[in-house]
Structures are given as C-alpha cells and as structure tokens.
Amino acid sequence: MGNGSFWLPPAASSGAPVVDRLFHFIYWTAFVFFVLVVGLMVLFVLRYRRRPGQKDHGPAPTHNTALELTWTIIPLIVVGVIFYLGFAGFMDISTPPQNAYEIQVTAMRWKWSFTYPNGLTDEDLHVPADQPVRLVMTSTDVIHGFFVPDFRLKHDVVPGRYNTVWFRAGKPGTHDIFCTQYCGTGHSEMHAQVIVQNPDDFQKWLDGAASALAHASPVELGERLYHTLGCAQCHSVDGASSTGPTWKGLYGSKVPLNGGGSVTADENYVRESILEPNAKVVLGYAAIMPTYQGRVKDPDVAAIIAYMKTVK
Amino acid sequence: MAVTEAEVRERREGYESSRLGMWIFLATEILLFGGLFCAYAVYRSNHPEIFVYAHRFLSKTLGGINTIVLICSSFTMAWAVRAAQLGERRRLVALLAITIFCGLCFLGIKGIEYQQKWRHGLLWGERYHPVEHEKNGAAGTPAAIQMPPVSSDPNRSFLPLAAEGPRGLAPESSKPAPGGADAEPVPKNVQTFFGIYFAMTGLHAVHVIAGMILIGVMLVRAIRREFSPTDFTPVDNVGLYWHLVDVIWIYLFPFLYLIR
Amino acid sequence: MSTAENYLTHSSGIRSWLLTRDHKRIGILYLISIMSSFFLGGISALLIRTELLTPNHALMSPEAYNKMFTLHGAVMIFLFVIPGVPATLGNFFLPIMLGAKDVAFPRLNLASWYLYVFGALFALASIVMGGVDTGWTFYTPYSVITNTSVVALTAGAFILGFSSILTGINFVVTIHKLRPDWMTWFKMPLFLWSLYATAIIQILATPVLGITLLLLILERTLGIGIFNPALGGDPVLYQHFFWFYSHPAVYIMILPAMGIMSELVSTFSHRTIFGYRFIAYSSIAIAVISFLVWGHHMFVSGQSNLADLIFSFLTFLVAIPSGIKVFNWLATMYKGSITLEAPMLYALSFLFLFGIGGLTGLFLGALSTDVHLHDTYFVVAHFHYVMFGGTVIAFLGGLHYWWPKMFGRMYSEKWARIAAVVIFIGFNLTFFAQFIMGSKGMPRRYASYPARFQPYHDVSTIGSYVLSIGFVIMAVYLIHSLFRGRRAPANPWGGTTLEWKCGSPPPHDNFAETPGPCEPYDFRGIVYDPAIGGYVDTARARS
C-alpha cells in the first residue's frame, strides 16, 4: 500500500493490486512496442535520409507475406492475453463474496448518502477494515458515478435501478470518493470519504451514531437531515444566496411566489415544498428542486421543520 | 439529332449514379427507423405486459385499412413508373395523383386515430391520463421515481424482487372494460407504449408527408412534359422512396397493432 | 502553368462561390468553415485550460465552465473533426485522384455545405441562448432536465448529420460510378480507399445519431418518457443509442487521416507503399468492426458482464488493423529516400502521437483497468492523442502537402517546420500530463479539483499555450503564402497520384480528357527538376 507510484494512487483495497498488475503489464508491453516503432522510425529517417549523390538502395519490397503475417499474429496474441487478464480481473473485482456487509448508497445532486443496516444514514462511508463490503447504489435524480481511486473502484449510479459493487478495504485510513458521471453544477464538489476503521472502532461508531440519533432531539435530527438529504447543497442557513431560498428567517415569514401572490411559510408549506416542490416556487428561483416523495417519512419532515424553526 | 456515344455513356452513368445514391439513402432511412424498432424491442422484451395491455387501445380496423391504402398506393406508384417508362404521360399524371390521394387517406385515418387517443387521454409520458383513471400528482410536479421500499432488516437484501411478470393475458375484447370492481390489473408505466407508438407512427407520418411532397413535384414535372422514356429517373427514385415508406408501415402495423 | 486559367480564376464574385458546383470550390468553402470552427473550439479549450490553472474557481463559475467544456466538445467533434478531412481535402481531391471531372452529385455537394452552415448556425444559436451544460454526450436524464438550450444544439447536430450523410452518399457513388475503366479498385490511391470506408460509416451510423437526438428533443419538448426512469424509461438505453453512432464516428475521424498518412509516407520516402492490399482491406475491416464495439464506453454503466466481455474482446480486435497500418508505413520508409519537409514532419509526428494514443487504448479496452480509468483524465488524454495527435496532425500534414496544389503557392518551409515542432512539443506537454493525473484519480469534467492535481494541470495549461503559438505561426505563414508565396509547380513533392499530373491550382475541369492508366505509388522515373523547383515524370510522356 503506501503513497502510490508515479502513475497510480495508493492501493488500499484487495482489488487494487489486481488492477495494478494488469496496468503495469500493459504499460510495459506498450512501452516496448512504442520504443520499437519510434526507434525504427528514427533509425530509418537517419539511415535512409535522401542525400545528394547517394546511390539508389535498389528496389524495395512491396509486400512480404511472412512479415505481414508475423506482425499480425504477434499483436493478436498480445492483445488476446491482455483481454483475458482484463476480463479475469474484472470478474474478480465485480463478484461480491457471500458474506459481504451491505451498505446502501444514494446519490443525488450533489451529495452522497450512505445508509447502514441499522437504518442510520451518514454523509461518509464508514467501513470495517479487511472485511468485504457490498454497496447497493441508486440515484434519486440523474446518473452519477461512484469512484474511489484508491480502491480502483468505479460504477455508474443510475436512477430507477440498483447497481452493486464490492470491495475489501485494507488498513484503517481515509480515501476520496469522487463523482465521475457529469451531473450538473455541483459535479466537481460531490465529494465524500471512505473512512476505514478497525472492526471494533467501526461498530462503536455505528452504535454511537445510531443511539445519538435515537436520543437526538427533533431539532438535532432535522439538522442532520439537512445535511444528509442534500438540502444544504441549495439552501444556506446563514443567509447566503444559493440555488434555493435561504432558511435563515424563512419559517413563519411571508414568501412571494413566482406567478404572483404569496404564502406564509408554515408547516404545510414546508411539507408541500418537500413533497411537491414545484407547486409553489418562491419568486426569483427556478423550479428545479427535486421531490423527496418516497424518500422521507413523516417524522423526518417534522424534524426538518423543527430545525428550520431554529434557523433565524 | 443523333446522340453521341459520350452522351449515352454520360446519361447511363447519371442514371446509375442516382439509382445507387437513392438506394444508399434508403439504407440511411432504414437505420433511422431501426433505432426506433430497437427501442421497441428493448421495451417490449423488458415489459411485455405493457405492450399486451396497451395495444388493445389501438384500432386494428383503422390500422388495417391504412395498410391496404398504402399497399394500393405502392401499386399505383409502381404502375406510374411503368407509365413513365412507356411514355404514357396522361396515365403517369393520373397514377401519381391517385398515389397522393392514397397518402392523404392514410394521413386522414391517422389523424382520426390520433384524435381518438387525444380524447381518451392516451398520450405519452406525463400526458398519459386515461379517462377512466384519476389523475395522479399535481400538475407540474415531476413524477417521483418508483423504487421498491428500503428494508430496515440488516439481513435482507436491498435488491428489488425479480421483475414482476406479465399480469396475465388480456381477454379477447377489443377494448378494456372501464374501471370497475372486476377489471384486470393495469400494468405500471403504460405510457411507455404510447411514447413509442407516437414516436414511431409520428416519424413515419412525417416521411409520408415528405413522400407526398416529392410525388407532388413529380406530378407537376410530368404535367410539364419533363419526362420521357429515356429520362424518367426522378420518378423511378421517388417510387423507390415511396415503397420504403410503405415497407416501414408494413412492419409498424403488426408490431404495434397485432401484438399477441 | 500557374498563371493559366484555373478553378480559382474560372469565375469571380461572391455568387460564383456561393452557388458553385465545383467540388474544389466547395472544398475551399468547407475549409474556411472548418477552420473557423477549429478556432472557436480552440478558444474554448484555452479558456478551459486557463480556468484549470488553479484548483478553485478563477475565471468562471461552475455553470460557465460546464458550458465551456460542452461547447469545446460539441464544436470540435461535430463541426471540426467529423466533417474535417472528408469535407475539405476529400471534396477537393477525390474526383481529381479518380480522374473524374467532379463528384457524382455536385449540387448535393453544395447542399451538404449549406447544411453544415445551417447546423453551425443552430450551434451558435445555442451559445447565444446561454449555452448548453450537458457535455457533448448529452447523457440522460440530466440532458432532459437541465434548463439550458439543449434543443438548439442537438437540432444543430441533427442537421450536421445530414451534411455528413450526403457527403458519404456522394463519395460512395462517385467511387463506384465515376472511375475510368482502367482504374480498378486496387489501382486507386489509398486515400480514396480510406474515404470510401469512411463514407460507409457516415452513411450507416449517422442516422442512428439522428434518431437518438430526435428522441432526446422529443423527450425535452413533449416529455415522451423514453429515457426518463420516472415514466418507465431507461436512461442507459440512451447511452447505447448514442455510442452506437459515436463510436463509429471516431473512425470517421481517423480513417481519412490514415489515408493521408499512406500518401505522405510513400511520397516523402519516395517509395511505393508497403502492403497496399492489406492497408486497403484493413480500412474496410476497421469500418465494419467499428460498429460492434460501442459498449466499451459503457463498461461501468450497469450493462451485463456478458456484454462487457464481448465488447472488450471486439475492441481489441479492431485495434489490430490500426496497429498494423503503422508497421506498413514504417516498412514503407525502409530503403526509401526520405526527405523531411513539413508534411513529412507531420507524418512522423502522427506515428509518435497516434502510437501513444492507440497504445493507451489498450488500458481502456481491458475491463479491469478500465474500471479505474474510465471517466478520468486518462480517457481525455487518450482521445486527444488519437483525435488530435492522430487526425488533426494528419490533416495538417495533408493540408501542407496539398496546399501548393490547391492554391498554387508554396509556403515558407522554414516556418512550417518550426510550427510543426512547436505543435509537437506543445501537444505532448498539454496531454501527457493528463495521462498521469488521470491514472492517479483525477476525474474529468471537473470545474474545481483537489489541490494535489494542480502541478499536472499547470503543465497541461502551459502546453496548451505553446500549442496555440504553433497554430498562430501556421496561420500567419499560410495566409502569407496566398499573397506572397512562390508559385508552385505541378508536382512539388514528387507524388505519383493523379492530382500531381494537372496544374497547380487545377483547372476548372480537372483534366482536359480522362487521364490514361497510371499506377499509384510507382516512383520510378519521378525525378526532381531544379529548373521548375518540382518533380517531373520522365518515365511516361504525359500531359
């Protein structure tokens, strides 16, 4: 593992060396062929450069079946080997073992959200070290891409479908998660972290976070949901302007609407905005908020409202 | 005036060139529709129940009439080419006119079908609001993606159950019974069928119109005596185009109307 | 010869150009349009690279950046590289190399150019309407829900598709029907073989792009729902449709470039091409197999493992004919009599750059390594090496090779060589660093990035400035040559194909009468005559 090499980031999962081995094999094969081609090119230019008064080299061959067959068959064999190694490695890294620990991944613009088997949802991917982990991924809006460079792990995350990947992380540490399928304005900001922990530490974190949630007040829960559901991407709490109206001082105020008229931002309005966001859009904002229909339960909505009330 | 050998050669070259060009152009049209047929195949194999259910909203009678109309128009078009070849100008003009008339009938019947769909709310995508069923969702709200529920049982997989199979074959009646206590279950996403139906028949109708315009141009040129037994290539080529338009419909009709 | 009447002097006035049926003038019209598009695409590239000098937002907001890279991709691909060689050099030289007076359908040829301009206007309209931010690939569902002017741009691409199809039809029919009797298939220059193979792809693949974009437009305007998961549609189906065209499209880009390579390497080695038949067959093989590999853009999209397997296998298969052409060109240089004028410098650059581009394709065709490299800068570097380092470099080589023939003027050899070297250096600086940061995990289409990638981005940006200096130099000496260049002889380089038998510039009708039998790549008897500063054919008395 370690800091990575010239070409590659650190290899932090069991699948990474599989990929890296093939990477290096292809690299050196390509290097050899490249040196051969460019070398011959330079050699021929130097040797056969036209000089005044030079003798004719004589008639040159127009074709040579043996040679042409050779330079067809050898590359065929080489690419055949590369293909096979690629395919074998791919089957390795995409077939999860039976006892994998399953975590659900939800991608949305522009945030990752991870749901653990005990129902906890978090912004980062905590995993136990040295245990196979299976991710079941879906998106709530557009296609995203889940990419952990250090694990050599990547897969598109598609709305309306579940896609599965797996990995076994090595030592404890943190690793970047990037979004690799262009998804709009916040595509480059859609980061998260894989936090690999000792199995004990991992369990402690999981239990601790779950119980903190269970004992959390509605306001604390609401604030947490503000982050994990992605509200924070478009609604600030400090008054800063963003894609959506700021929540600072929003609750209870009278908001003007697109198309005329206004409404008081009470419980009903907030609930409606979460479930049917384009029904009443605040004046001056685009009707682009996605619906959370089916993604939030009533207690969640209540918690968000409770939190919103505290943002003055 | 005697025609020189060079002129004969050039004329033949010109004729052969434009024939080849038209055949290649027809290949591009086949690929254009091929994409739609491909989409049809993908959706039908993934959700046969939608197609079995929804196709009964189409009128086999009207579709059948349209098929006969187009086949007749191909016949008159082929005869028109023959007439051009034989220098029979009046016949050529008459046959071209009949072909255009057939095209108009086709479009008229298509128009009736489309109007029926409109009245019954059987349209594509979000506009699918069949008159028997209630509207769902407020206007303007994007439909939420329907996903199987998340399980809170750590041992249960989050993967959805295997795709539900077809919800039973439809009874033989030509129209489904209006919503009632013993109505059969309606598959989800029926609007997919209508999206494909309108895309395919709509694109085809555009090509019918284009074909009619081309035949119209031929008609005008025929009236102006611009064709002769040695020079009727444009009629020939337009005929080829029209036959393709006909052939495409001959595939569309069973795929959309005659699903079993 | 050069002051004789030629296609440029045959008639004058703007109408004679805008209503021309002369394939040579149409080629020039395309050349002007395409170079303008290249300029627009290039400016957007420089803006992108300048923005990426620092990890966070500098010149532009993320929305503007996203529109900028979409513009760069769409303009470069649809308005520059795809029409590229066939519309310019192909239009100009295909009939001449065939010994014909013009293409089979001259008016259709002019219509193709007008369609190009019309499509370009739609693309420009989309910029004026605020720009599109989907990437040139328009992936759904994002392209369906974004508020930007997608319909204008896709409509433009749809119209450009027609231009491409009509050019393809014209070329295929011309090659089939307008060849003189003595010119059998295997007596055609290899550039024509490559244009033929390209035309096949243009004809068969472009309609699929047409229906794809049409469905996307219907999705946006009418909400058909075919790609919308909320309405029962499948967003990944869009990708299949899109790449079914767009993969063969890259062979539309590279095949003519390879055709030019065959001409350049043989002429400047003064030696017949090695393995003519193989090169000819390989062009057709590439065209056919290119239709079967589109799924290699979708290895991690969720398609089945079986599909991944098949597409990976076929991808490696299609690499073989391309690789072998490189060996054929090298063998052509063996025992040749090589001179290093600017066109040959471009040909040598092609071998180097396309070599890297092609070999890096191996990493991407292999399934396990592709999982890591997909959608990173490694891919960006790969396709720039093959599209730019391959196609554009070959195009520049062809442009320099045929410039004296097209305009009757020689350009400054010294400055041309300087520009070629500057471009070579600038290109590698720009794009090699992108391989490294890509394999280290830098994703593509990122407006801002983690700070550790900054050194690579900075090298790349500096390279892009060097690259543009090379192009500026080129523009200057080429335009200068039009007014002050030495008058060109009929055959400045010693070529053997038919275009070198007529004057520079060619007469309006190309040939007074159909040229007699001629073996391409037969250099016996082609000798340099200092008196005219060009080559003459001493073997056969010819007009």
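Helix 12 of chain C and helix 14 of chain C are roughly antiparallel to each other (angles under 35 degrees count as roughly parallel, over 145 as roughly antiparallel, 65 to 115 as roughly perpendicular and the rest as oblique). The two helices pack at an angle of about 160°, with their axes 8 Å apart. Axes are lines fitted to C-alpha atoms, for helices over the stretch in contact, and angles run from 0 to 180 degrees between N-to-C directions. Helix 12 of chain C passes helix 14 of chain C in a left-handed crossing. A crossing is left-handed if the near helix is turned anticlockwise from the far one by less than a right angle, and right-handed if clockwise. The residues of this contact between helix 12 and helix 14 of chain C comprise 16 nonpolar, 10 polar and no charged. Here Ala, Val, Leu, Ile, Met, Phe, Trp, Tyr, Cys and Pro count as nonpolar, Asp, Glu, Lys and Arg as charged, and the others, Gly among them, as polar.

The model is predicted: local features need pLDDT of at least 70, side-chain atom pairs count only at pLDDT 80 or more, and totals for chains, interfaces and linings use all residues. Residues are numbered from 1 along each chain as its sequence is written, while chains are lettered from A and ligands numbered from 1 in the order in which they are written. Helices (H or I, at least four residues) and strands (E, at least two) are DSSP runs, numbered from the N terminus.

Helix 12 of chain C covers residues 342–365. Its 24 residues reach 34 Å from first C-alpha to last, close to the 34 Å expected at 1.5 Å a residue. The expected span is 1.5 Å times one less than the number of residues. Helix 12 of chain C is mostly covered, with 24 of its 24 residues buried. A residue is buried if 20 or more other C-beta atoms lie within 10 Å of its own, exposed if 12 or fewer, and partly exposed in between; C-beta atoms are placed from the backbone.

Helix 11 of chain C spans residues 305–333. Its 29 residues should span 42 Å at 1.5 Å a residue, and the end C-alpha atoms are 43 Å apart, which agrees. Helix 11 of chain C is also mostly covered: 23 of its 29 residues are buried. Lys335(C) follows the helix and has a positive phi, near 60°.

Helix 11 of chain C also packs against chain A. Helix 1 of chain A and helix 11 of chain C pack at an angle of about 20°, with axes 9 Å apart. That makes helix 1 of chain A roughly parallel to helix 11 of chain C. Their crossing is left-handed. Val37(A), Leu40(A), Met41(A) and Phe44(A) in helix 1 of chain A meet Val326(C), Leu330(C) and Met333(C) in helix 11 of chain C. Two residues are in contact if their C-beta atoms, placed from the backbone, lie within 7 Å. By class, this contact between helix 1 of chain A and helix 11 of chain C has seven nonpolar, no polar and no charged residues.

Across the whole interface, 66 residues of chain A are in contact with 66 residues of chain C. On the chain A side, the elements giving two or more residues are helix 1 (16–47), helix 2 (65–94), strand 6 (144–148) and strand 7 (153–157). Helix 2 of chain A gives the most, with 15 residues. The chain A side divides into 40 nonpolar, 18 polar and eight charged residues.

Chain C also meets chain B. In that interface, 29 residues of chain C are in contact with 29 residues of chain B. Helix 8 of chain C gives the most, with 10 residues. The chain C side has 21 nonpolar, seven polar and one charged.

Chain B itself comes to six helices and zero strands. Of its 260 residues, 32% count as buried. Residues 24 or more positions apart account for 79% of the contacts in chain B with a separation of 6 or more.

Elsewhere in chain C, helix 2 (residues 23–51) and helix 5 (residues 106–128) pack at an angle of about 15°, with their axes 10 Å apart. The two helices are therefore roughly parallel to each other.
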